[in-house]
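Me: I'd like to learn how to read a model like this one, feature by feature. Can you walk me through it?

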Amino acid sequence: MDTPPPAAVAVEPPPVVCAKCGGTPIETGHVAPLCIACRDTLVRRPLPLWLRILTVCTLLLVIGSTIAGIEPFRAAINLKRGERAEQRQDYATAYAAYQKVPAKYADSTRVLIRLAYAAYHTGHDADLRRILRALEGRSASKAEIADVNHLLDQIRLRGR
Ligand SMILES: [Zn+2]
């Protein structure tokens, strides 16, 4: 007796329902059988909380250090600009640069002495008097004291 030919093995049809919600239709062309709505939800899964906290902390640190670094940077830049202008005897540029030194640093003895020189050479006499009063009684380095004395000599010689 002949055995009957084996029945054709039924090829399992691809799943036609979403593996997550059971809905239809599923989106074709992907390995995981998911409907469009479920795939979108899974793709847009929010970042874990620890990663969000870490990101916020990192951003705050970057922003904080940037803000903290701007003022001393502006002070250094304008002091350097002023000193370079003074070397060229461009006292108007020097005066403008020293005045752009942020207030927090503008009261330093070094800045005040440079500003006094620039004010003297540009005829800002009222400002010069204010600066000299601000310098009175300060402790300063030998070089700074020599600078101020040199300026005072110049002022006396010119009778201003
Ligand atoms: Zn679904």
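Me: How many helices and strands does the protein chain have?

Reply: Helices here are DSSP runs of H or I with at least four residues, strands are runs of E with at least two, and both are numbered from the N terminus. The protein chain has 7 helices and 0 strands, so its elements read α-α-α-α-α-α-α from the N terminus on.

Me: What is the mean pLDDT of the protein chain?

Reply: pLDDT is the predictor's confidence in each residue, from 0 to 100. Where pLDDT is low, the predicted coordinates should not be read in detail. For the protein chain the mean is 89, and 90% of residues reach 70 or more. Helix α1 (residues 36-43) has the lowest confidence, at a mean of 88, and α3 has the highest, at 96.

Me: What radius of gyration does the protein chain have?

Reply: The radius of gyration is taken over C-alpha atoms, and the globule rule is 2.2 Å times the number of residues to the power 0.38. A compact globule of 160 residues would come out near 15 Å, but this protein chain has 38 Å. Along the principal axes, its C-alpha atoms fill a box of roughly 135 × 30 × 25 Å. Buried residues make up 16% of the 160 residues.

Me: How is the protein chain divided into domains?

Reply: Domain bounds come from an automatic or database domain assignment. Here that gives domain 1 (11-45) and domain 2 (69-158). The C-alpha centres of domain 1 and domain 2 lie 73 Å apart.

Me: Which residues have the most contacts inside the largest nonpolar core?

Reply: In soluble globular proteins, nonpolar side chains tend to be buried together. A nonpolar core is a set of buried Ala, Val, Leu, Ile, Met, Phe, Trp, Tyr and Cys residues joined through C-beta atoms within 7 Å. The largest one here has 19 residues, and Y98, L115, A116, A118 and A119 have the most contacts inside it. The elements giving two or more residues to this core are α2 (49-87), α3 (91-99), α5 (109-122), α6 (125-135) and α7 (142-158). The largest share, 8 residues, comes from α5.

Me: Which elements do the buried residues of α5 pack against?

Reply: Contact means that two C-beta atoms, placed from the backbone, lie within 7 Å. The buried residues of α5 pack against α2, α3, α6 and α7. Among the buried residues of α5 are L112, I113 and R114. A116 touches L128, I131, L132 and L151, leaving out residues up to four places away in sequence.

Me: How far apart are the end C-alpha atoms of α5?

Reply: The expected span of a helix is 1.5 Å times one less than its number of residues. The 14 residues of α5 should therefore span 20 Å, and the end C-alpha atoms are 20 Å apart, which agrees. Just after α5, G123 takes a positive phi of about 75°.

Me: Is A103 buried or exposed?

Reply: A103, found in helix α4, is exposed, with 8 other C-beta atoms within 10 Å. A106 is in helix α4 (residues 103-106) as well, and A106 counts as partly exposed because it has 17 C-beta neighbours inside 10 Å.

Note on methods. Residues numbered from 1 in each chain as written. Predicted model: local features only at pLDDT ≥ 70, side-chain atom pairs only at ≥ 80, totals over all residues. Buried ≥ 20, exposed ≤ 12 C-beta atoms within 10 Å, placed from the backbone.
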